[in-house]
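Dear colleague,

Please find the structure below, handed over for your records.

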Amino acid sequence: MSDVSRLPDAVAENWDWQRRGACRGMDAAVFFHVDNERGFARRHREASAKQVCASCPVRAECLQHAISTEETYGIWGGLGENALRRLIAAKRRSPGPIA
Ligand code: SF4
């Protein structure tokens, strides 16, 4: 079962940024891997996702959301899962605003 305790309250201002994401309407499979994906297929998919994120007007909000909710599955804010894990670990060690 998903842990939703870290999700923001269900008010529009907490989620409105998602409506402005460059990925809006795209196939989520570009941003989230299937089981056992690896090698070239994984690198290619992640590079495609990060290319979309590079010009996204809400990249900072997306990354902030991923870190504050400790989201480590998929591409968020232009970062992959390993980078997200490192930032989340750093945030746990040193709570406070994300630079
Ligand atoms: S930063 Fe990437 S994943 Fe986040 S909303 Fe923008 S395009 Fe989507």
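I begin with E70, which is located in the loop joining α3 (59–68) and α4 (81–93); helices here are DSSP runs of H or I with at least four residues, strands are runs of E with at least two, and both are numbered from the N terminus. Please note that this is a predicted model, in which local features need pLDDT of at least 70 and side-chain atom pairs count only at pLDDT 80 or more, while totals for chains, interfaces and linings use all residues. Residues are numbered from 1 along each chain as its sequence is written, and side-chain values use heavy atoms, with hydrogens and water left out.

E70 follows α3 and has a positive phi, near 55°, although this residue is not a glycine. Its relative accessibility is 22%, so E70 counts as partly exposed; the classes are buried at under 20% relative accessible area, exposed at over 50% and partly exposed in between, computed with a 1.4 Å probe on protein chains only. N36 is another non-glycine residue with a positive phi, of about 65°. N36 is placed in the loop between α1 and α2, and is exposed, with a relative accessible area of 63%.

Overall architecture

The protein has 4 helices and 0 strands, in the order α-α-α-α along the sequence. Its radius of gyration is 14 Å, close to the 13 Å that the globule rule gives for 99 residues, so the protein is as compact as a globular protein of that length. That radius is taken over C-alpha atoms, and the rule is 2.2 Å times the number of residues to the power 0.38. The C-alpha trace spans about 35 × 30 × 30 Å along its principal axes. Of the 99 residues, 28% are buried. Where contacts (heavy atoms within 4.5 Å) join residues at least 6 apart in sequence, 47% of them link residues at least 24 apart.

The buried residues in α3 are C62, H65, A66 and I67, and their cover includes α1 and α4. H65 is also touched by L7, which contacts W15 and T69 as well, leaving aside residues up to four places away in sequence. L7 lies in the segment before α1 (12–15) and, at 38% relative accessibility, counts as partly exposed. Between L7 and H65 there are 58 residues of sequence separation and 8.5 Å from C-alpha to C-alpha.

In helix α4, E81 has a relative accessibility of 10% and counts as buried. With residues up to four places away in sequence not counted, E81 touches H33, R42, T72, Y73 and G74. E81 and H33 are 48 residues apart in sequence and 10 Å apart in space, C-alpha to C-alpha.

The ligand site

Which residues are around the ligand? They are G21, A22, C23, F31, V52, C53, C56, R59, C62, I75 and G77, each with a heavy atom within 4 Å of the ligand. By class, the shell has 8 nonpolar, 2 polar and 1 charged residues; Ala, Val, Leu, Ile, Met, Phe, Trp, Tyr, Cys and Pro count as nonpolar, Asp, Glu, Lys and Arg as charged, and the others, Gly among them, as polar.

With kind regards
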